Amino acid sequence: MNLFRHEQICRMNESELAVYNYVSAHLREVEKMNIRELSAAVGVSTTTILRFCSRIGCNGYTEFKYNVHRMLEEQKETKAYFPSEIPAIQYLENARNNQELVWQMEVAVELCMKARQVLFIGIGTSGSLGEYGARFFAGVGVPAFAITDPYYPTPIQEMENTTVIALSVSGETPAVIYLIDGYKKKRAKVISITNTNQCTLAKMSDINFSYYMPVSYAWQNAKEANLTTQIPVVYLLEMLMRKIHMKYDENDDKVE
């Protein structure tokens, strides 16, 4: 069964997202918890837990626990390495019919095509994906470059003809926020790709793509080595690139 749907997650507030992230990473533990134990583990009130249950379509905590149990039982039975229920695959399945995403993509394409240059900004894994995105964009004729140095100097001149694509799972990385603040002051347009739209980077952006994947760490207790899946980020970058390429082809046909 599918415990969480993307459209439900998008409507969650910060506290509900904290519950979602904890539950997604600790399904087997949650199956045995009562509501007070779960609220203590997440650090939110029992009222927030009940609101979270309602948000995902459950009539109370008992039904939520039952659905968690069913989901775990179904996972035992499946032999697929990527069961269709996992959030990243679900995101890909739903993206094509997400009208808000389609609209955002069209706006982002226009921002990129009107720009003299596109700068990708990210650190760590997001920096590697920024380099990947810049390489793809350059492949279809967009002047694109990646900035992965958190101390990269902000240009002196105005940047109104520049579009910046900022990548960050948390959207709260201080160095990335600092860089984006500098580019916004130079009048650059900002597109961000973050795990949630309730973060500083998303709120600073002209367009934000958020994918709402369960946050995962190699060492969960220490919150180190973020292993949150980046499948939606790759999808968004490639979709953006392909739509730009299609626009270029359309313009070429009109000229002919």
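Begin by selecting Val 164, which lies in strand E3 (residues 162-167); strands (E, at least two residues) and helices (H or I, at least four) are DSSP runs numbered from the N terminus. The model is a predicted one, in which local features need pLDDT of at least 70 and side-chain atom pairs count only at pLDDT 80 or more, while totals for chains, interfaces and linings use all residues. Residues are numbered from 1 along each chain as its sequence is written, and side-chain values use heavy atoms, with hydrogens and water left out.

Val 164 is buried, with a relative accessible area of 0%, where buried means under 20% relative accessible area, exposed over 50% and partly exposed in between (1.4 Å probe, protein chains only). Leaving aside residues up to four places away in sequence, Val 164 touches Leu 119, Ile 121, Ile 180, Tyr 183, Ala 188, Lys 189, Val 190 and Ile 191, contact being heavy atoms within 4.5 Å.

Next, select helix H4 (residues 35-42), in which Ile 35, Leu 38, Ser 39 and Val 42 are buried. Seen down the axis of H4, these buried residues fall within an arc of 100°, so they line one face of the helix; the arc is that of the directions from the helix axis to the C-beta atoms. On the other side of H4, Arg 36 and Ala 40 are exposed. After H4 comes Gly 43, whose phi is positive, near 85°.

To see where they meet, show Ile 35, Arg 36, Leu 38 and Ser 39 in H4 together with Thr 46, Ile 49 and Leu 50 in H5.

Finally, bring in helix H2 (residues 14-25), which packs against helix H5 (residues 46-55) at an angle of about 75°, with their axes 9 Å apart. The contact is made by Ser 15, Glu 16, Val 19, Tyr 20 and Val 23 of H2 and by Thr 48, Ile 49, Arg 51, Phe 52 and Arg 55 of H5.

Definitions and conventions: Axes fitted to C-alpha atoms, helices over the stretch in contact; angles between N-to-C directions.
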